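Reader: I'd like to learn how to read a model like this one, feature by feature. Can you walk me through it?

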Amino acid sequence: MFAYAVRRALRKNKTLRYGVPMLVSAAERKLLIVGGSFGLREFSQIRYDAVKIKIDPELEKKLKMNKVSLESEYEKIKDSTFDDWKNVRGPRPWEDPDLLQGRNPEILKTNKTT
């Protein structure tokens, strides 16, 4: 009986019913803002620390030698002709890829077993 009376009194009290949850949510928001600023500081510091890391000189030489540029890739494909290409649609998940691309699946199965 006593517990029922206490619950009833708490339900009727507007301060406890509406005020306390607002104070708790305000405290949670402040904690999130302060904690988020510390977390953001740590994550943004990673970017600046990564710049300070020195690369091995041998690795740096390899990276400079294997440098690929847009001009070099253009020179590779400049003289190729694209008249013999065929537009092939990729299979959807419910479709058989061999039937879609014009291949006979029975022939493929016999080639895989031998």
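Reader: Confidence to begin with, then. What is the mean pLDDT of the protein chain?

Author: Keep in mind that this is a predicted model. The general idea is that where pLDDT is low, the predicted coordinates should not be read in detail. Here the chain has a mean pLDDT of 78, and 86% of its residues reach 70 or more.

Reader: Okay, on to the fold. How many helices and strands are there?

Author: Six helices and zero strands. Going along the sequence, you read α-α-α-α-α-α.

Reader: Now salt bridges. How many does the structure hold?

Author: The general idea: side chains of opposite charge can pair when their charged atoms come close. In this structure there are three such salt bridges. Take Lys76 and Glu73, whose closest N and O atoms are 3.2 Å apart.

Reader: Where do Lys76 and Glu73 lie in the chain?

Author: Both are in helix 4, residues 70–77, with a spacing of three residues, which is about one turn of the helix. Lys76 is exposed at 61% relative accessibility, whereas Glu73 is partly exposed at 33%.

Reader: Why does Lys76 count as exposed?

Author: Because its relative accessibility is 61%, and the cut-off for exposed is over 50%.

Reader: Which residue pairs with Glu75?

Author: Lys78 does, and their side chains meet at 3.2 Å, N to O. Glu75 is partly exposed, with a relative accessible area of 47%, and Lys78 gets that label too, at 40%.

Reader: What about Glu42, which partner does it have?

Author: Arg41, with 3.6 Å between the closest N and O atoms. Glu42 is partly exposed at 46% relative accessibility, and the value for Arg41 is 46% as well, so Arg41 is also partly exposed.

Reader: Which element gives the largest share of the positive patch?

Author: Helix 1, residues 2–12, which supplies four residues. Lys12 is one that belongs to helix 1, and with a relative accessible area of 59% Lys12 is exposed.

Reader: And which residues make the nonpolar patch?

Author: Phe2, Val6, Leu10, Leu16, Val20 and Val24, covering about 530 Å². The elements that each give two or more residues to this nonpolar patch are helix 1 and helix 2, the latter spanning 14–52.

Reader: Is Leu16 buried, partly exposed or exposed?

Author: Partly exposed, at 38% relative accessible area. Leu16 is found in helix 2.

Methods
Residues are numbered from 1 along each chain as its sequence is written. This is a predicted model: local features need pLDDT of at least 70, side-chain atom pairs count only at pLDDT 80 or more; totals for chains, interfaces and linings use all residues. Side-chain values use heavy atoms; hydrogens and water are left out. Buried means under 20% relative accessible area, exposed over 50%, partly exposed in between (1.4 Å probe, protein chains only). A salt bridge is a side-chain nitrogen of Lys or Arg within 4 Å of a carboxyl oxygen of Asp or Glu. Patches are made of residues with over 30% relative accessible area and no salt bridge: like charges are joined within 9 Å, nonpolar side chains (Val, Leu, Ile, Met, Phe, Trp, Tyr) within 5 Å. Accessible areas come from the Shrake-Rupley method with a 1.4 Å probe; for residues, only the protein chains shown count as cover. pLDDT is the predictor's confidence in each residue, from 0 to 100.
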